[in-house]
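How many helices and strands does the protein have?

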Amino acid sequence: MRNRFERVRRKPCRSGVYIAALMAVSLLTSLGAEKLKVTVDLSKIPPASRQTGITYAQDIKPIFDKSCVRCHGEHKPKGHLRLDSLEAVFKGSEDGKVIVSWNGAGSVLVQNIAHVGDPDDYMPPPKNKAGIAPLTPQQIGLVRAWIDQGAQ
Ligand code: HEC
């Protein structure tokens, strides 16, 4: 009799655990689906510049200094990403690499500045308090070509 009572009593508890587990699984699945909805349309990225011999020091650093380093410099860099040296650019952010050598369009950094993919990651962030303007298609094309050429 006592055993039976225990079994009856325990049952609702266990199904509670199952329900909680099911809810967690469906929540995680829907979060995953939410993420997949962000499509990255690479055709929207401005074409790579035809300039050859592009280097970080000569061509790219001036762009980053003007439009990025305020938030990605040595003082509390956002996303733990610094863009004030070539080494730091290669190191990437707290989420990992932001450039893939020889593949400008496939690099997160280029997608962010070209405003494709997740709007939360558009760079510089639209309407930032510092009033830093978006990069021009020419600047984006130059950064893209720089990475296509191996990001020297
Ligand atoms: C006003 C501040 C600000 C400026 C200016 C700015 N960023 Fe950012 N950036 C952020 C913040 C905040 C994050 C972190 C976003 C997050 O964690 O969701 C970030 C993150 C990033 C990331 C990492 C994305 C990832 O998924 O790892 C890249 C790449 C990036 N910025 C590139 C740039 C570039 C290139 C410029 C200049 C053209 C720039 N940012 C200018 C604030 C800024």
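Helices here are DSSP runs of H or I with at least four residues, strands are runs of E with at least two, and both are numbered from the N terminus. On that basis, the elements of the protein run α-α-α-α-α from the N terminus on. The model is a predicted one.

**Overall fold**
- The protein has 5 helices and 0 strands.
- Of the 152 residues in the protein, 22% are buried.
- Among contacts with a separation of 6 or more, 63% are between residues 24 or more positions apart.

**Ligand shell**
- The ligand is surrounded by 25 residues, of which Cys68, Cys71, Lys78, Gly79 and Met123 are the closest.
- By class, this shell comprises 14 nonpolar, 6 polar and 5 charged residues.
- The element that gives the most to the shell is helix H4 (residues 108-113), with 4 residues.

- Helix H2 spans residues 56-67, and Ile60, Phe64 and Ser67 are buried in it.
- Viewed down the axis of H2, these buried residues fall within an arc of 85°, and therefore they line one face of the helix.
- As a general rule, an α-helix has 3.6 residues a turn, so residues three or four places apart point the same way.
- The exposed residues Ala57, Gln58 and Pro62 are carried on the face of H2 turned away from its buried side.
- Which helix do the buried residues of H2 pack against? Their packing partner is helix H5 (137-148).

How values were computed
Residues are numbered from 1 along each chain as its sequence is written. This is a predicted model: local features need pLDDT of at least 70, side-chain atom pairs count only at pLDDT 80 or more; totals for chains, interfaces and linings use all residues. A residue is near a molecule or strand if its C-beta atom, placed from the backbone, lies within 6 Å of it. Ala, Val, Leu, Ile, Met, Phe, Trp, Tyr, Cys and Pro count as nonpolar, Asp, Glu, Lys and Arg as charged, and the others, Gly among them, as polar. A residue is buried if 20 or more other C-beta atoms lie within 10 Å of its own, exposed if 12 or fewer, and partly exposed in between; C-beta atoms are placed from the backbone. Two residues are in contact if their C-beta atoms, placed from the backbone, lie within 7 Å. The arc is that of the directions from the helix axis to the C-beta atoms.
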